[in-house]
Amino acid sequence: MKISIRLFGDLRRFLAPGQDTLEVVLSEGSTVHDLIRTLNLPHGEIWVVSINGTLATREQDLKDGDKVEIFAPVGGG
């Protein structure tokens, strides 16, 4: 199945220069956790994950065509 991913905040460093989205092919039955592991993203740097605009858990199953957004914590003040 093919998944489209957008990374936000400091996680954008895992994208190639000029790249806005990633497309990844995963096995059927893969979860958000599997996707994070496939992308080799540091778990401690992930704040929120959404699938098709809805908040998701790391145990949530992915489906072909899902659009996943992964956000890093935001600091400031």
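How many aromatic pairs does the structure hold? The structure holds one.

## Basis of the model

This is a predicted model, in which local features need pLDDT of at least 70, side-chain atom pairs count only at pLDDT 80 or more, and totals for chains, interfaces and linings use all residues. Residues are numbered from 1 along each chain as its sequence is written, and side-chain values use heavy atoms, with hydrogens and water left out.

## Aromatic pair

Rings of Phe, Tyr and Trp (its six-membered ring) pair if their centres lie within 6.5 Å; planes under 30 degrees apart count as stacked, over 60 as edge-to-face and the rest as tilted. The structure holds one such pair. The ring centres of F8 and F71 are 4.4 Å apart and the planes lie at 10°, so the pair is stacked. F8 belongs to strand β1 (residues 2-8) and F71 to strand β5 (residues 67-71), so the pair ties together parts that are 63 residues apart in sequence. Helices (H or I, at least four residues) and strands (E, at least two) are DSSP runs, numbered from the N terminus.

Relative accessible area (1.4 Å probe, protein chains only) sets the burial classes: buried is under 20%, exposed is over 50%, and partly exposed is in between. F8 is partly exposed at 21%, and F71 is partly exposed at 26%.

## Sheet

Five strands form an open sheet in the order β2-β1-β5-β3-β4, with mixed pairing. Its edge strands are β2 (21-25) and β4, each of which pairs on one side only. Two strands pair if DSSP finds at least two bridges between them.

Strand β3 (residues 48-51) runs antiparallel to β5, and four bridges join them. β3 also pairs with strand β4 (residues 54-55) in the antiparallel sense, over two bridges. In this pairing I51 stands opposite T54. β3 and β4 form a hairpin with two residues between them, and N52 in the turn has a positive phi of about 50°.

## S50 in strand β3

S50 is found in β3 and stands opposite E69 in β5. S50 counts as buried, at 6% relative accessibility. Contact means heavy atoms within 4.5 Å. Leaving aside neighbours within four places in sequence, S50 is in contact with L55, A56, K67, V68, E69 and F71.

The buried residues in α1 are V32, D34, L35, I36 and L39. These residues pack against β1, β2, β3 and β5. N40 follows α1 and has a positive phi, near 60°.

## Nonpolar core

A nonpolar core is a set of buried Ala, Val, Leu, Ile, Met, Phe, Trp, Tyr and Cys residues joined through side-chain atoms within 4.5 Å. The largest has 22 residues, of which I5, L62, V68 and I70 touch the most other members. Two or more residues come from each of β1, β2, α1, β3 and β5. α1 gives the most to this core, with four residues.

Apart from neighbours within four places in sequence, L62 is in contact with M1, I3, L26, S30, T31, V32, L35, I51 and V68.
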